[in-house]
Amino acid sequence: MRTNSRGVPRNGGLLLHGIARCARCGHKMYVRYQNGGEYVCNHLHRHQGLPTCQYVRAPAVDVAVAQAFLEAVTPAEFESFSAAHKV
Ligand SMILES: [Zn+2]
């Protein structure tokens with residue numbers, strides 16, 4: 001039997017999975033799909049035995065990221081839309 005190495009897409013995946021970095025220590029944060037989702041910075045804990053740096057509740061972060069994304073993208077989208085229709 002072959003295992004599908006590409007994995008199964010998760011429903012409700014968090015926006016910053018694999019790209020969030022910790023504002024305190026700069027290390028990559030990992031995603032934990034428990035308690036509604038959390039970004040966890042445990043690099044220092046895992047590699048140096050220090051306390052876990054921080055946990056951030058993911059839903060509030062994702063909402064803020066989505067809003068910032070839409071605010072950043074929308075004017076550019078309108079520009080390219082109107083530019084395309086001037087021709
Ligand atoms: Zn950290």
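In the predicted model, four bridges join strand β2 to strand β3, and these two strands run antiparallel. Within this pairing, C41 stands opposite Q54 in β3. Strand β2 also pairs with β1 (residues 30-32), again in the antiparallel sense, over three bridges. Here V31 has Y39 in β2 as its bridge partner. The hairpin of β1 and β2 has five residues between the strands, and N35 in this hairpin takes a positive phi near 55°.

In a regular strand, side chains alternate between the two faces of the sheet. Both faces of β2 are covered: E38 and V40 on one side are buried, as are Y39 and C41 on the other. E38 counts as buried because its relative accessibility is 9%, under the 20% limit. This residue forms a salt bridge with R32, in which the closest N and O atoms are 2.7 Å apart. R32, by contrast, has a relative accessibility of 23% and therefore counts as partly exposed. The count of salt bridges comes to one.

The zinc ion has four protein donors, the SG atoms of C22, C25, C41 and C53, which lie 2.3 to 2.4 Å from it. The angles subtended by the four donor atoms range from 94 to 123°, and the arrangement is therefore tetrahedral. For four tetrahedral donors, the ideal angle at a metal is 109.5 degrees. Along the sequence, the donor residues follow the spacing C-x2-C-x15-C-x11-C. The pair C41 and C53 links distant parts of the chain: C41 belongs to strand β2 (residues 38-41), whereas C53, twelve residues apart from it, lies in the loop between α1 (43-48) and β3 (54-57). Both C41 and C53 are buried.

Definitions and conventions: Residues are numbered from 1 along each chain as its sequence is written. This is a predicted model: local features need pLDDT of at least 70, side-chain atom pairs count only at pLDDT 80 or more; totals for chains, interfaces and linings use all residues. Side-chain values use heavy atoms; hydrogens and water are left out. Donors are N, O and S atoms within 2.8 Å of the metal (3.2 Å for Na, K and Ca); water is not among the atoms, so sites may look incomplete. Four donors count as tetrahedral if all angles lie between 85 and 135 degrees; four count as square planar and six as octahedral if opposite donors are over 155 degrees apart and all others between 65 and 115; anything else is irregular. Buried means under 20% relative accessible area, exposed over 50%, partly exposed in between (1.4 Å probe, protein chains only). A salt bridge is a side-chain nitrogen of Lys or Arg within 4 Å of a carboxyl oxygen of Asp or Glu. Two strands pair if DSSP finds at least two bridges between them.
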